[in-house]
Amino acid sequence: MRSLKLALMLLLVVSANAFAEKSDEQSLIEYEKQVSTYWSQAKQTDQQLIESGKQLATTRQLLEQQQKQLDRQTALLGRWERILKRQEALLDALERNEERAHRKAN
């Protein structure tokens with residue numbers, strides 16, 4: 001934003017010098033209009049940058065919240081996977097025991 005303002009100021013100084021050389025009233029009126037237009041545009045650009053910054057901050061917060069939620073869900077998924085593996089191992093062991101018991105009975 002600072003470089004934009006510096007560029008506008010430089011443009012205004014150059015324009016002022018050019019208009020000062022002509023020194024008629026119409027040139028001064030045109031110069032004032034240009035200055036007003038440039039200044040309005042600079043204010044508008046500044047406001048847009050402020051709004052964009054606010055939106056970026058909000059988006060960043062939302063992304064951080066989503067990342068935390070994703071991390072929690074990933075941790076829960078890992079726990080469920082470990083639980084399922086233990087249950088599968090227990091089922092396998094139970095099936096083997098049933099097979100042994102069935103063989104001994106025969």
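Helices here are DSSP runs of H or I with at least four residues, numbered from the N terminus, and by that convention E88 has its place in helix 2. The model is a predicted one, and the protein chain contains 2 helices and 0 strands.

Helix 2 covers residues 25-105, L76 being one of the residues that lie in it. The helix counts 81 residues and spans 118 Å from its first C-alpha to its last, which is close to the 120 Å expected at 1.5 Å a residue. Of the 106 residues in the protein chain, 8% are buried, and within helix 2 the buried residues are S27, Y38, A42 and G78. The accessible surface of the protein chain amounts to about 9500 Å², with 56% of it belonging to carbon and sulfur atoms.

L76, W80 and I83 make a nonpolar surface patch of about 300 Å². Why can L76 take part in a surface patch, given that patches are made of residues with over 30% relative accessible area? Because L76 has a relative accessible area of 42%, it is partly exposed and passes the cut-off of over 30% that patch residues must meet. The other patch is one of negative charge, in which E88, D92, E95 and E98 gather on the surface.

The charged side chains also pair with one another, and the structure holds 4 salt bridges. One of them joins the side chains of E30 and K33, with an N to O distance of 3.8 Å. These residues are 3 apart in helix 2, so about one helical turn separates E30 from K33. Both ends of this pair are partly exposed, since E30 has a relative accessible area of 33% and K33 has a relative accessibility of 47%.

A further salt bridge brings together the side chains of R60 and E64 at 3.4 Å, N to O, and here the two residues lie 4 apart in helix 2, about one turn of the helix. R60 counts as exposed, with 58% relative accessibility, whereas E64 is partly exposed, with a relative accessible area of 41%.

Also among the salt bridges is that between the side chains of R103 and E99, at 3.9 Å from N to O; these residues, both in helix 2, are 4 residues apart, about one turn of the helix. R103 counts as exposed at 58% relative accessibility, while E99, at 45%, counts as partly exposed.

How values were computed
Residues are numbered from 1 along each chain as its sequence is written. This is a predicted model: local features need pLDDT of at least 70, side-chain atom pairs count only at pLDDT 80 or more; totals for chains, interfaces and linings use all residues. Side-chain values use heavy atoms; hydrogens and water are left out. Buried means under 20% relative accessible area, exposed over 50%, partly exposed in between (1.4 Å probe, protein chains only). Accessible areas come from the Shrake-Rupley method with a 1.4 Å probe; for residues, only the protein chains shown count as cover. Patches are made of residues with over 30% relative accessible area and no salt bridge: like charges are joined within 9 Å, nonpolar side chains (Val, Leu, Ile, Met, Phe, Trp, Tyr) within 5 Å. Lys and Arg count as positive and Asp and Glu as negative; His and the chain ends are not counted. The place of a charge is taken as NZ of Lys, CZ of Arg, CG of Asp or CD of Glu. The expected span of a helix is 1.5 Å times one less than its number of residues.
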